[in-house]
Amino acid sequence: MPRRVVFFGTPAFAVPSLSALIDSSDSSGSVVAVVTQPDRPRGRGQQVRPEAVKIHAQVRGVEILQPDRLRDEAFLSAFRSLDPDLAVVAAYGRILPTALLAIPPLGFINVHASLLPRWRGAAPVHRAIIAGDGVTGVTIMRVVPELDAGPMLASASVDIGLDETSAELEARLASLGAGLLVSTLARMSSGPLVETPQDAQLVTYAPRLERRESRIDWARSAAAVHNQIRGLQPWPLAASLLRGRRVLFHRSEILSDIERAGEPGEITAVDADGIVVATEPGVIRIVELQAEGRQPLPASAFARGSRIEAGARFEPLPEA
């Protein structure tokens with residue numbers, strides 16, 4: 001690998017890439033520092049907690065930088081003083097300024113969780129599932145000032161499971177990306193890599209998720225509702241009203257062998273496998289859900305505890 005590497009990353013997705021880089025370090029190259037976002041309040045109690053990359057860097061004994069502003073001269077000076085040959089980015093969470101990109105002689109490369117140019121942006125895993133994609137993957141690309149628009153150095157694809165959630169898929173892609181990153185850097189050590197431009201005609205974007213996207217419209221197809229439920233993991237979670245109370249959906253499955261026998265949102269059956277709900281067209285089974293503020297439960301247990309029977313109805317949340 002290049003002699004001196006600085007790693008930029010923040011959430012759990014980036015940890016396998018950081019760990020793989022550290023493990024692959026030897027006398028010819030090493031991770032000299034980690035740049036991660038400042039600690040912020042998180043969770044219900046809004047306690048200030050470090051993100052996953054910072055925790056891993058502390059355990060591995062790597063220097064940590066947490067700049068508030070990447071354009072500040074104090075940070076740029078500190079970054080220059082690290083004398084980096086290359087910087088690696090994995091879900092850092094901020095746009096990198098041109099002045100920063102110009103510092104390492106070998107530039108910046110990024111571990112991106114999609115098959116570019118499809119799903120440039122902040123939420124590629126979630127958007128792929130919500131859109132019903134059957135295949136996705138990881139792309140190693142060169143970072144340029146335009147969002148996720150740099151030439152591609154390597155890619156690897158995976159099939160998306162029919163019931164796989166975005167949290168599960170993201171974990172698989174994190175591991176895939178780590179291996180692809182290490183092999184790409186090994187090839188880089190042997191000479192310049194082939195850099196393939198992205199096809200501008202195939203570009204799609206993956207904007208950040210918003211809370212308003214939780215709202216389920218049951219008058220959509222079973223596939224669309226199912227993809228929304230599994231794609232909005234772990235936040236903001238797909239949601240509806242039941243007896244005036246907000247409920248959040250964690251897992252579902254499409255029941256392709258059952259014809260709809262009810263109005264959209266109507267519960268048509270409750271059994272040991274879950275809660276069956278009519279859509280338009282189709283039927284899905286809710287497998288896991290929770291009342292807001294409570295713990296997630298298997299749908300059958302939720303139905304027993306809440307005395308839910310066929311004929312009850314999930315109502316859409318009010319539109320924002």
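Modeller: Two strands pair if DSSP finds at least two bridges between them. Strands (E, at least two residues) and helices (H or I, at least four) are DSSP runs, numbered from the N terminus. This is a predicted model, in which local features need pLDDT of at least 70 and side-chain atom pairs count only at pLDDT 80 or more, while totals for chains, interfaces and linings use all residues. Residues are numbered from 1 along each chain as its sequence is written, and side-chain values use heavy atoms, with hydrogens and water left out.

Biologist: In S9, which residue is the bridge partner of Thr 139?

Modeller: Strand S8 (residues 135–142) pairs with strand S9 (residues 152–159) in the antiparallel sense over seven bridges. In S9, the partner of Thr 139 is Ser 155.

Biologist: And which residue of S8 is the bridge partner of Asn 110?

Modeller: S8 also pairs with strand S7 (residues 108–112), in the antiparallel sense over four bridges. The bridge partner of Asn 110 in S8 is Met 141.

Biologist: How many of the eight residues of S8 are buried?

Modeller: Buried means under 20% relative accessible area, exposed over 50%, and partly exposed in between (1.4 Å probe, protein chains only). S8 is largely enclosed by the rest of the structure, because the number of its eight residues that are buried is seven.

Biologist: How far apart are the end C-alpha atoms of helix H6?

Modeller: The expected span of a helix is 1.5 Å times one less than its number of residues. For the 24 residues of H6 (residues 166–189) that gives 34 Å, and the distance between the end C-alpha atoms agrees: 34 Å.

Biologist: What is the volume of the largest cavity?

Modeller: On a 1 Å grid over the protein atoms alone, a cavity is a set of points where a 1.4 Å probe fits but cannot get out, and lining residues have an atom within 4 Å of a point. Grid points are joined across faces, edges and corners, and a volume is the space filled by probe spheres set on the points. The lining of the largest cavity includes Asp 163, His 226 and Arg 251. Its volume is about 40 Å³.

Notes: 1 Å grid on protein atoms, 1.4 Å probe; cavity = no way out; pocket = protein on both sides within 12 Å on 5 of 7 lines; lining within 4 Å.
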